[in-house]
2 protein chains.
Amino acid sequence: MDESRQKRKVSEWVEDLKRMNSWVIGVDLGGQSIRAAWVSSEGEMFGALKTQTKAEAESSEAFGRIHSLVQELLDQPPELGMKPLGIGFGIPGLIDLGSGRLWESPHFPAWKNLNLTEILKAKFSEPVFVDNDANVAALGEKLFGSCHPFENFLYCTLGTGIGGALFLNGDLYRGSSGLAGEIGHTTVDPLGPSEVTGNSGSVELYASASGLNRALAELRTTDPSLNAFSIRDLYQKYKKNQSLQSQQSIKKIFDRMGEALGIVFANTVNLLDLEAICVAGGLTHAWEAFGPTALRVMRERSFVARLNRVKLFCTSLNRNESFIEAGVIGAASLAFLGSLRRAQGFQVDSGLQGPSLSS
Amino acid sequence: MDESRQKRKVSEWVEDLKRMNSWVIGVDLGGQSIRAAWVSSEGEMFGALKTQTKAEAESSEAFGRIHSLVQELLDQPPELGMKPLGIGFGIPGLIDLGSGRLWESPHFPAWKNLNLTEILKAKFSEPVFVDNDANVAALGEKLFGSCHPFENFLYCTLGTGIGGALFLNGDLYRGSSGLAGEIGHTTVDPLGPSEVTGNSGSVELYASASGLNRALAELRTTDPSLNAFSIRDLYQKYKKNQSLQSQQSIKKIFDRMGEALGIVFANTVNLLDLEAICVAGGLTHAWEAFGPTALRVMRERSFVARLNRVKLFCTSLNRNESFIEAGVIGAASLAFLGSLRRAQGFQVDSGLQGPSLSS
């Protein structure tokens, strides 16, 4: 085998992908829902399906649901008789790509040391490819989304927590043991409250859904009129300029969110000289409330961001409000890359350096 | 040419280096001094020389001094008639490796848009190799120092300012336009004082020589007995437990330095999943006063640092108190790598991706 091709970066496969003209299945396992769909090598989605995860149940139950969902897709292909090249999975948690084991996952506290590859291989006759959810989402954004032009970017998901993935020099960067991208635990206020990892004042406390809810709970102690509202409601009202007794306080919450993100983005751009930062996850629906502040603070605090006009934007893989597609497109991207490598005689289970795990 | 060899990382050249059995000349251009020496492929130094930089003078004068210094070395080789494989230069400032231009340098405000390669090629018949001083020092630490076992590390210099270089996946990481490693501008206190780049509360304000002097100046306003002392004097006295009225205040300065560094190191390890952080520069003489605090705070604030037992240490290239060798060994490392690549038919002026600039 040609050694240089073994070392090919993700960005060097893009042309091959365009010529594939084929389909895979992508599966996005989230704490709330499992989403799956057929995805074409053009990035089209077909037959999208969704079911509840029931994270509290045994892992065997969740894998049973995944199996049913994929079977349903296999039974209704985009064209009669079509088979997918492979099935890609995005899984939240720490995954050892060498062994295919899930060490632990924030959403599934009972799942420890599961051999994902073995479990999924036993369920499907198609080749399966597994990686961390943030990594596959970044891959999807590179192959099919707004990060297409960039070789160096941070992908940042704002959900219950804050997740991250790094794409450096045209490839996913995983770090020395696959833990890279833990942007959520960056300190933005050394004297701030402590969080679960032992750190204090980390960005997750100000810019994740749990952080916003904590801030909202504080507001409620002085303003019981807020009891009926969620963060989402508040943002809707804030956006519509509906008079709310606590309008200013809510603005402060989103301002603090934007400032915290701006500090983290500035630090990251100064350190890594990135071209772009792509923000995804459930909180992007409130982008207008915190995005401009984050951009302003990033520019104020980073001369590298000013010099290189670093771009900050939301994922473009959110065209459909009722079906979050970024994770599914990401999982599908993993399957495309794995299939391309395998088709050309590459080992795919190449440990932490490779972009995917073999079936 | 074999494409895979063109893509070889620095860490993949180490075995070739060991078999070279040859010498180069390394030149470290600093704001205060120019240092130069013969360096062997075993990392031995021979004939070390030093002269003043006179940063305020015209660039032509400094390049004249460099020329004299190198000529002196060439006239007195380690063995009669020996020629160096090449001459490596570590230069402070923003360097465009594609064109060989120095955009600007903090130490030489009058030097703008200099074509370093042209200037140096005109002065020497040997092949010349040029890169940023932090990058070459990190290379030296990888080839000949304590970072030898690591594929992912941060190299951090604590001097007048704070500089940095990143070694990721076995190679120097330069970022999208060669500006990566600007660790000194990481925010550690969002409400802290502002600095020259427009950021405020960055680590440089607490953990560089200029930051320590600022803190010392503040102390002097309430304690004139400190007027006669420099930071270095204070550290010596602090270490010797000599009674000083301001012993506690001085301890606080070093504690704050250690805490600020600990926060930055924790952020960086969480983001990049590093194996090690290597600290160099003039302030390492006070390592005992801030190092243990930095290590403790990094571990407290980073679960990745705890999980992976990330190492934090001073450069091992500081064996000689009277001659700072890290920069010279680094510049020599650049010349070795460039010579190896060239000897095997590689293009060396490969722009920002390559580890060196061609002569």
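Guide: Pro106(B) touches Pro92(B), Gly93(B) and Gly161(B), leaving aside residues up to four places away in sequence; touching, or contact, is counted when the C-beta atoms of two residues, placed from the backbone, lie within 7 Å. This is a predicted model, in which local features need pLDDT of at least 70, side-chain atom pairs count only at pLDDT 80 or more, and totals for chains, interfaces and linings use all residues. Residues are numbered from 1 along each chain as its sequence is written, while chains are lettered from A and ligands numbered from 1 in the order in which they are written.

Pro106(B) lies in the loop between strand E6 (101-104) and strand E7 (114-115) of chain B. Helices (H or I, at least four residues) and strands (E, at least two) are DSSP runs, numbered from the N terminus. With 14 other C-beta atoms within 10 Å, Pro106(B) is partly exposed. The scale behind that word is this: 20 or more other C-beta atoms within 10 Å make a residue buried, 12 or fewer make it exposed, and anything in between is partly exposed, with C-beta atoms placed from the backbone. Pro106(B) is 196 residues from Ser302(B) in sequence, and their C-alpha atoms are 32 Å apart in space.

E6(B) and E7(B) run antiparallel and are joined by two bridges; two strands pair if DSSP finds at least two bridges between them. Across this pairing, Leu102(B) stands opposite Leu114(B) in E7(B).

Next comes strand E4 (residues 87-91) of chain B, which is mostly covered, five of its five residues being buried. Ile87(B), Phe89(B) and Ile91(B) point one way from E4(B), Gly88(B) and Gly90(B) point the other way, and all are buried. E4(B) pairs with strand E1 (residues 23-29) of chain B in the parallel sense over four bridges, and the bridge partner of Asp28(B) in E4(B) is Gly90(B). Five bridges join E4(B) to strand E8 (residues 128-132) of chain B, again running parallel. There, Phe89(B) has Val130(B) in E8(B) as its bridge partner.

Chain B also holds helix H10 (residues 287-301), whose 15 residues should span 21 Å at 1.5 Å a residue; the end C-alpha atoms are 20 Å apart, which agrees. The expected span is 1.5 Å times one less than the number of residues. The buried residues of H10(B) include Phe290(B), Leu295(B) and Met298(B). Those buried residues pack against helix H8 (231-239), helix H9 (247-272), H11 and E13 of chain B. In the loop between helix H11 (303-308) and strand E13 (311-314) of chain B sits Arg309(B). Arg309(B) has a positive phi of about 45° although it is not a glycine, and with 8 C-beta neighbours inside 10 Å it counts as exposed.

Finally, the two chains together. In all, 39 residues of chain A are in contact with 39 residues of chain B. On the side of chain A that touches chain B, the elements giving two or more residues are helix H1 (3-6), helix H9 (247-272), helix H10 (287-301) and helix H11 (303-308) of chain A. H9(A) gives the most to that side, with seven residues. The residues of this side of chain A divide into 14 nonpolar, 16 polar and nine charged. Here Ala, Val, Leu, Ile, Met, Phe, Trp, Tyr, Cys and Pro count as nonpolar, Asp, Glu, Lys and Arg as charged, and the others, Gly among them, as polar.

Chain A can be laid on chain B with an RMSD of 0.0 Å by a turn of 180° and a shift of 0.0 Å along the axis. That is the relation of a two-fold axis. The same surface serves both copies, since 100% of the contact residues of chain A recur in chain B. The superposition is by least squares on the C-alpha atoms of residues with pLDDT of at least 70 in both copies.
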